[in-house]
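Please look through the sequence and the structure shown here before reading the briefing that follows. The points are grouped by topic, so that each can be followed in the structure in turn.

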Amino acid sequence: MSLLWLIFNHADAWIVTLVVSAVSLALRGRLDGAALGIPIMLALGAWLAFAINDRCDAQVDASDPRKAHRSVFAGPRRGLMTAILVIAGALVIAVFGVYGPRAWVIAAIALAASWAYSAPPLRLKARPGWDLFTHAALVESLPYVAAIWLVDSPLTAFDALAWSALALASLSAQLEQQIRDAAFDARFERTFTTVYGVATSTRLLRIASVALIGIGVTSVLTGVTPPLLWPALLLATPMIAHRLTRPAGQPRSEALIRLLLAAGLVYVGGVMLLA
């Protein structure tokens, strides 16, 4: 059970990475041949980054029954699970080596960012402002750009728009998590939400959600968004609507997230078949 949980905990993160990077390549007709492995490689990197975060949070998570249950590193087999993580991490990094020097650069950036975000002395996740910036700049937006760079494809004007939307989406996801965990986080360390309050974070979350709607609607009406992305925009709609309509402080619907993740995998499967 612990091994399965290590693999599937934070599945939302690595599935989103898989979807984003696959769509990024499909938009430029590069999701074929050896490039088919790039989204999988980047998804493995996202899994590793979040597993490192869980390991760094183990001592804090152990003090809360719900979080301790969700973390394989907060239980009695912490040492064993840490050893498994080290082995798995080495294998993931080796996979990056298959794609050459650029992949090594991306791996180095991702590992450095993960360590800086999760581990002392920097632990950016406990530095209000930096916690949000790190997520916005890297979590969902980096896979999009990384996939493009790995196939040596030029950036377009649409890529800047897509990066902005993904940065807002990643920022929103981090705010959702901080709002959900505000009471727990306030006992141990500072985050943007513990410092500025749930009400402020909820307002910022709704502003980001409205901005995402604006980007999506405008890009479709002006013909900037390729038809390939229309299903992805539709998939994001229920989640954004839930963010705008639920009461302040109410956590996101995990059932809705799981449903949308499953739909996202089906969507990527279709994209790969059509590529």
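In this predicted model, Thr225 counts as buried because its relative accessibility is 6%, which is under the 20% that sets the limit for a buried residue. Thr225 is placed in the loop between α13 (198–221) and α14 (230–245).

**Around Thr225**
- The side chain of Thr225 makes a polar contact with the side chain of Ser219, at 2.6 Å.
- Apart from neighbours within four places in sequence, the residues in contact with Thr225 are Phe158, Ser219, Val220, Trp230 and Leu233.

**Helix α13**
- The 24 residues of α13 should span 34 Å at 1.5 Å a residue, and this agrees with its end C-alpha atoms, which are 34 Å apart.
- Among the buried residues of α13 are Leu205, Leu212, Ile215 and Ser219, and the buried residues of this helix pack against α10 (157–180), α12 (192–196) and α14.
- Just after α13, Gly223 takes a positive phi of about 80°.

**Salt bridges**
- The structure holds eleven salt bridges, and one of them joins Arg123 and Glu189, with the closest N and O atoms 2.9 Å apart.
- Arg123 lies in the loop between α7 (101–118) and α8 (130–139), and Glu189 in the loop between α11 (182–185) and α12, so this pair ties together parts that are 66 residues apart in sequence.
- Arg180 and Asp181 also meet through their side chains in a salt bridge (2.9 Å, N to O); Arg180 is partly exposed, with a relative accessible area of 32%, whereas Asp181 is buried, with 2%.

Conventions:
Residues are numbered from 1 along each chain as its sequence is written. This is a predicted model: local features need pLDDT of at least 70, side-chain atom pairs count only at pLDDT 80 or more; totals for chains, interfaces and linings use all residues. Side-chain values use heavy atoms; hydrogens and water are left out. Helices (H or I, at least four residues) and strands (E, at least two) are DSSP runs, numbered from the N terminus. Buried means under 20% relative accessible area, exposed over 50%, partly exposed in between (1.4 Å probe, protein chains only). A polar contact is a pair of N or O atoms within 3.5 Å; within protein, one must be able to donate a hydrogen and the other to accept it, and residues adjacent in sequence count only if both atoms are side-chain atoms. Contact means heavy atoms within 4.5 Å. The expected span of a helix is 1.5 Å times one less than its number of residues. A salt bridge is a side-chain nitrogen of Lys or Arg within 4 Å of a carboxyl oxygen of Asp or Glu.
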